[in-house]
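Welcome! Here is a friendly tour in questions and answers, for anyone opening this structure for the first time.

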Amino acid sequence: MFVSQASPTMSRSLRIAPSILSADFARLGEEVRAIEAAGADLVHFDVMDNHYVPNLTIGPLVCEAIRPHVTIPIDVHLMVEPVDALIPLFAKAGANIITFHPEASRHVDRTLSLIREHGCKAGLVLNPATSVDWLDHVMDKLDIVLLMSVNPGFGGQKFIPATLGKLRLVRQRIEAHKARGGQPIWLEVDGGVKTDNIADIVKAGADTCVAGSAVFGAPDADGGYHGIMRELRSQADAH
Ligand code: DX5
Ligand code: ZN
């Protein structure tokens, strides 16, 4: 079910993960089918609890409802505190990837293991001001690092440029880990990804890009979802 591992220097294998936060929730099944048809690699699924972040979105019931509509993996981004109780529920609802914010879990290592024990890929999410040192002692248990390039809670925010330096730093750590015989780890970026910055983001080391408002806000006149997916990939190739 997983797509092949992308090399940081090969943007043609860049994974694009449209965030359904910006989709039309009244037509969610149709929306996820449309993004898969347009070439999306993952469905990015933003879970907010009005506690860890000041917004409230969707949970396992909605994940279960969209699961039959797509074959691509569902990438669940948990912006919730506490984390652990939701993991079995999302695994049962058809999630393939589960990421969480380390400061929202009392026992980060345990939460990562719990995700993997439930058959999902596991990842940590770092906010713009969260230190990359959170990764230090859990590299062996990571399938993904998700770097926030906005403060979590809302779609449609502006990309924070300091993320580019952080991306380069995390890319170095991932490559060093691989050189020591470690497993591959995806490097995903989330927030404010657009056609005019995706080249810089890929150049700095991302292999997976979330795009919410860019994809779901794409005008029909410019080719709709097919048009924007094509444009994001072609701009990424320009790096
Ligand atoms: C923000 C979410 C993002 C967001 C991305 O907390 O995690 O996934 O929906 O949306 P855009 O691409 O519009 O910034
Ligand atoms: Zn997200």
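A polar contact here is a pair of N or O atoms within 3.5 Å; within protein, one must be able to donate a hydrogen and the other to accept it, and residues adjacent in sequence count only if both atoms are side-chain atoms. This is a predicted model, in which local features need pLDDT of at least 70 and side-chain atom pairs count only at pLDDT 80 or more, while totals for chains, interfaces and linings use all residues. Residues are numbered from 1 along each chain as its sequence is written, chains are lettered from A and ligands numbered from 1 in the order in which they are written, and side-chain values use heavy atoms, with hydrogens and water left out.

Q: Is S105 buried or exposed?
A: Buried means under 20% relative accessible area, exposed over 50%, and partly exposed in between (1.4 Å probe, protein chains only). S105 has 10% relative accessibility, so it counts as buried.

Q: Is R106 buried or exposed?
A: R106 also has its place in the loop between β4 (97-100) and α4 (108-117). Its relative accessibility is 79%, so R106 counts as exposed.

Q: What distance separates the C-alpha atoms of R106 and V145?
A: Along the chain, R106 and V145 are 39 residues apart.

Q: Which residue's side chain makes a polar contact with the side chain of D41?
A: D41 is in the loop between α1 (28-37) and β2, and its 14% relative accessibility is why it counts as buried. A polar atom of the D41 side chain lies 2.8 Å from the backbone nitrogen of I16. At 2.9 Å, the side-chain partner of D41 is R233.

Q: Which strand gives the largest share of the shell around ligand 1?
A: The strands β2 (43-48), β3 (74-79) and β8 (208-211) each supply at least two residues of this shell. The largest share is 3 residues, and it comes from β2.

Q: How much of the area that ligand 1 exposes when taken alone does the protein bury?
A: Oxygen atoms of ligand 1 lie 2.8 Å from polar backbone atoms of G156 and G212. Taken alone, ligand 1 exposes 390 Å² (Shrake-Rupley method with a 1.4 Å probe). The protein buries 100%.

Q: What is the phi of N50?
A: Most residues other than glycine have a negative phi. N50 lies in the loop between β2 and α2 (60-66), and its relative accessible area of 53% is why it is exposed. Although N50 is not a glycine, its phi is positive, at about 55 degrees.

Q: Is the peptide bond from E81 to P82 cis or trans?
A: Most peptide bonds are trans. P82 lies in the loop between β3 and α3 (86-92). With omega near -5 degrees, the bond from E81 to P82 is cis.

Conventions: Helices (H or I, at least four residues) and strands (E, at least two) are DSSP runs, numbered from the N terminus.
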